[in-house]
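Please look over the model first.

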Amino acid sequence: MTVYIDPPTWPGHGYLWSHLVSDVSFDELHAFAAGIGCPPRAFERDHYDVPAHRYDDAVRAGAVEIGSKELVRRLTGAGLRRPKGRPA
């Protein structure tokens with residue numbers, strides 16, 4: 001099981017956010033996210049939005065820290081990328 005997280009650099013709603021993804025399956029991603037307390041509403045197309053104050057929780061639980069560009073490359077390479085404007 002490998003789940004990845006990028007640095008919390010994405011601004012929104014007064015917070016900085018990270019993206020949590022899997023390069024295996026959405027089932028793996030949903031299970032990991034539930035295990036660290038991410039609510040289902042934090043899932044957006046192909047990733048979970050994780051606020052900066054929860055970043056360390058994800059890493060302690062086993063998420064691998066990688067840069068944002070590498071995160072997108074791995075997600076795309078796994079065939080799990082769902083960009084805005086495309087059907088799921």
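Is Glu-44 buried, partly exposed or exposed? Glu-44 is partly exposed, with a relative accessible area of 29%. Buried means under 20% relative accessible area, exposed means over 50%, and partly exposed lies in between (1.4 Å probe, protein chains only).

## Basis of the model

The model is predicted: local features need pLDDT of at least 70, side-chain atom pairs count only at pLDDT 80 or more, and totals for chains, interfaces and linings use all residues. Residues are numbered from 1 along each chain as its sequence is written, and side-chain values use heavy atoms, with hydrogens and water left out.

## Salt bridges

Side chains of opposite charge can pair when their charged atoms come close. A salt bridge here is a side-chain nitrogen of Lys or Arg within 4 Å of a carboxyl oxygen of Asp or Glu. The count comes to six salt bridges. One of them joins Glu-44 to Arg-45, at 2.7 Å from N to O. Arg-45 is partly exposed, with a relative accessible area of 26%.

Glu-70 takes part in two pairings. With Arg-73, the closest N and O atoms are 3.0 Å apart. With Arg-74, the corresponding figure is 2.8 Å. Glu-70 and Arg-73 are three residues apart in helix α3 (residues 68-77), so about one helical turn separates them. Glu-70 and Arg-74 are four residues apart in α3, again about one helical turn. An α-helix has 3.6 residues a turn, so residues three or four places apart point the same way. Glu-70 is partly exposed at 26% relative accessible area. Arg-73 counts as exposed at 52%, while Arg-74 is partly exposed at 31%.

Helices (H or I, at least four residues) and strands (E, at least two) are DSSP runs, numbered from the N terminus.

## Helix α1

Which residues of α1 are buried? In this helix (residues 26-35), they are Phe-26, Glu-28, Leu-29, Phe-32 and Ala-33. They sit on the same side of α1, because they cover an arc of only 155 degrees around the axis. That arc is taken from the directions from the helix axis to the C-beta atoms. Asp-27, Ala-34 and Gly-35 are exposed on the other side of α1. Cover for the buried residues includes β1 (3-5), β3 (15-22), β4 (43-44), β5 (47-51) and α2 (55-60). Contact here means heavy atoms within 4.5 Å.

The N-terminal end of α1 is capped by Ser-25. A side-chain oxygen of Ser-25 lies 3.4 Å from the backbone nitrogen of Asp-27. Such a polar contact is a pair of N or O atoms within 3.5 Å; within protein, one must be able to donate a hydrogen and the other to accept it, and residues adjacent in sequence count only if both atoms are side-chain atoms. Gly-37 follows α1 and has a positive phi, near 85 degrees.

## The largest pocket

How much space lies in the largest pocket? It holds about 270 Å³. Of its 17 lining residues, the closest to its centre are Trp-10, His-19, Arg-45, His-47 and Arg-81. The elements that give two or more residues to the lining are β3, β5 and α3. The most come from α3, with five residues.

The search runs on a 1 Å grid over the protein atoms alone: a pocket is an open set of points where a 1.4 Å probe fits, with protein on both sides within 12 Å along at least five of seven lines, and lining residues have an atom within 4 Å of a point. Grid points are joined across faces, edges and corners, and a volume is the space filled by probe spheres set on the points.

Most residues other than glycine have a negative phi. His-13 is not a glycine, yet its phi is positive, about 55 degrees. His-13 lies in the loop between β2 (10-12) and β3. His-13 is exposed, with a relative accessible area of 76%.

Arg-45 also has a positive phi without being a glycine, at about 60 degrees. Arg-45 is found in the loop between β4 and β5.

## Two lysines

Lys-69 is found in helix α3. Lys-69 is exposed, with a relative accessible area of 68%. Lys-69 and Lys-84 are 15 residues apart along the chain, and their C-alpha atoms are separated by 17 Å.
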